[in-house]
Amino acid sequence: MARGMIHIYCGDGKGKTTAATGLAVRAAGCGMKVLFARFLKNENSGELSILDSVPEIEVLHLERSYGFFNTLTDEEKEEVRQMYGQLWDLIKEKISGGQFQMLVIDEFMAAYRYGLIGREEALDLLTGKPEALELVLTGRNPGPELTELADYVSEIRKVKHPFDHGIMARRGIEY
């Protein structure tokens with residue numbers, strides 16, 4: 001591919017991470033090298049063990065999981081900001097070498113919205129990414145400045161979800 005494009009999977013429905021994971025697996029199956037990074041997710045999500053087993057996919061694991069950002073104490077929020085700042089720097093370093101053809105950033109929109117990555121830095125990544133890099137971003141409510149830069153925007157809309165009836169996330173399905 002001469003030019004990598006920007007994909008956004010967004011919306012309030014289930015399946016944004018699943019779609020991005022599927023695209024990463026498809027790319028790896030075609031011999032592309034994929035970097036997979038996640039913000040605001042825990043380390044026990046089922047797809048990680050499979051992604052780790054694929055030689056063409058490198059997953060950047062987190063040292064700690066914190067839960068929902070809006071439930072954290074001020075001290076925990078500062079720890080999160082530091083940890084994700086380091087993750088962001090690592091992402092930029094790894095893609096600068098040109099060894100990856102795809103970068104997936106799961107829950108990019110939340111990290112952007114909560115200021116866990118600088119807005120200017122995030123926009124700089126989108127506008128100044130390596131030419132051939134396919135960039136896949138997930139999360140709810142992308143701002144118009146993000147959708148304008150994207151080549152693909154797929155909205156996954158919730159029509160019905162078991163959580164609405166008090167059924168919590170199930171292992172192997174939601175995580």
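Q: Leu133: buried or exposed?
A: Leu133 is buried, with a relative accessible area of 2%. Buried means under 20% relative accessible area, exposed over 50%, and partly exposed in between, using a 1.4 Å probe and protein chains only.

Q: What kind of model is this, and what counts?
A: It is a predicted model, where local features need pLDDT of at least 70, side-chain atom pairs count only at pLDDT 80 or more, and totals for chains, interfaces and linings use all residues. Residues are numbered from 1 along each chain as its sequence is written, and side-chain values use heavy atoms, leaving out hydrogens and water.

Q: OK, where is Leu133 found?
A: In the loop between α5 (119–128) and β5 (134–138). Helices (H or I, at least four residues) and strands (E, at least two) are DSSP runs, numbered from the N terminus.

Q: What does Leu133 touch?
A: Not counting residues up to four places away in sequence, Leu133 touches Gly4, Met5, Ile95, Phe100, Gln101, Met102 and Leu103. Contact means heavy atoms within 4.5 Å. Leu133 and Phe100 are 33 residues apart along the chain, and their C-alpha atoms are separated by 7.0 Å.

Q: New topic. What order do the strands of the sheet have?
A: The open sheet of six strands has the order β3-β2-β4-β5-β1-β6, with parallel pairing. Its edge strands are β3 (57–60) and β6 (152–155), each pairing on one side only. Two strands pair if DSSP finds at least two bridges between them.

Q: How many bridges join β4 to β5?
A: Four, between β5 and strand β4 (residues 102–106). Val104 has Val136 in β5 as its bridge partner.

Q: Back to α5. Which residues are buried there?
A: Ala122, Leu123, Leu125 and Leu126. Seen down the axis of α5, the buried residues fall within an arc of 150°, so they line one face of the helix. The arc is that of the directions from the helix axis to the C-beta atoms. An α-helix has 3.6 residues a turn, so residues three or four places apart point the same way.

Q: And what does the face turned away carry?
A: The exposed residues Glu120, Thr127 and Gly128.

Q: What covers the buried side?
A: The cover over the buried residues of α5 includes β1 (6–10), α3, β4, α4 (108–113), β5 and α6 (144–149).
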